[in-house]
Amino acid sequence: MQPEIFFDSEKCTGCGKCVQACPEGAIEIHEGRSRTDRGLCQGIGKCAEVCPNEARSLMGKHVTAGEVFKEVAADSIFYQRSGGGVTLGGGEPLAQPKFAISLLKLCKDAGIHTALDTCGYARWETVKQVLEFVDLVLYDFKHMDPVEHEKYTGVSNDLILENVKRIHHDLSVPSIARIPVIPGYNDSVENIEATAKFIITELGNETNVHLLPYHRLGESKYDSLEKSGDTVYITPSSEEHMAELKQIVESFELAVYIGG
Ligand code: SF4
């Protein structure tokens with residue numbers, strides 16, 4: 001939820017300028033290179049400004065909905081020609097609903113198609129208020145077993161599944177079901193079958209399914225955030241396994257795409 005400092009240790013010469021510049025005293029030199037106490041760092045970015053070697057950079061910044069919309073509006077001709085639009089992703093856009101509503105409303109007023117990419121874990125009132133300005137929902141299905149869901153995400157899937165049913169039945173906003181396929185976590189035949197069964201039963205066959213193969217693009221970011229210890233190394237699924245899962249979803253007469 002906050003800007004963070006990316007650090008490339010290969011570029012650091014240990015000059016100490018960042019140590020002097022940090023108002024929080026969050027940086028020290030250790031074994032010839034700078035090291036950040038992430039608990040103290042406020043993501044202000046003074047260290048990035050003074051680093052002579054671009055070893056530090058500030059990722060993320062606070063912006064208003066109006067500022068983002070200016071960027072969006074600059075590409076509006078492109079959206080008209082391509083039939084595209086704006087997708088709010090994340091992170092999680094429902095975690096900052098006021099901002100999401102302001103930006104989506106600006107887009108809708110300008111006639112720009114809007115989509116929301118969400119995990120669906122939010123109070124129904126919040127979901128309803130945001131979706132008033134959304135044309136299409138990209139909805140994550142991580143695991144159908146509530147116990148497994150809680151084990152890996154920290155929360156049960158009860159609210160998430162209830163919300164997607166209400167989006168379909170009460171609001172009639174079209175959705176795409178997105179399943180991030182994480183080997184060893186949710187890629188079993190049983191889980192994919194259970195997910196497809198839920199989608200066809202509750203959302204109908206007009207809901208397309210996207211199977212999203214796990215990728216490793218995030219791993220280098222953990223290094224840059226000095227959080228390598230948090231990295232879980234997972235081998236992506238084989239093409240054969242993805243094809244098998246696709247066939248399972250198709251057997252429920254749902255349209256399925258690998259990727260999304
Ligand atoms: S200012 Fe840059 S090069 Fe100097 S110690 Fe800090 S990160 Fe390293």
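Start at the crossing of α6 and α8: it is right-handed, meaning that the near helix is turned clockwise from the far one by less than a right angle. The model is predicted, local features need pLDDT of at least 70, side-chain atom pairs count only at pLDDT 80 or more, and totals for chains, interfaces and linings use all residues. Residues are numbered from 1 along each chain as its sequence is written, and side-chain values use heavy atoms, with hydrogens and water left out.

Select residues 124–131 for α6 and 158–171 for α8. Helices here are DSSP runs (H or I, at least four residues), numbered from the N terminus. The two pack at about 45°, with axes 11 Å apart. Axes are lines fitted to C-alpha atoms over the stretch in contact, and angles run from 0 to 180 degrees between N-to-C directions.

Now show side chains. W124, V127, K128 and L131 of α6 meet N163, R166, I167, D170 and L171 of α8, where contact means heavy atoms within 4.5 Å. This set holds five nonpolar, one polar and three charged residues. Nonpolar means Ala, Val, Leu, Ile, Met, Phe, Trp, Tyr, Cys and Pro; charged means Asp, Glu, Lys and Arg; the others, Gly among them, are polar.

Next, select α9 (residues 189–203) and α11 (residues 239–250). They pack at about 35°, axes 9 Å apart. V189, I192, E193 and A196 of α9 touch E244, L245, I248 and V249 of α11.
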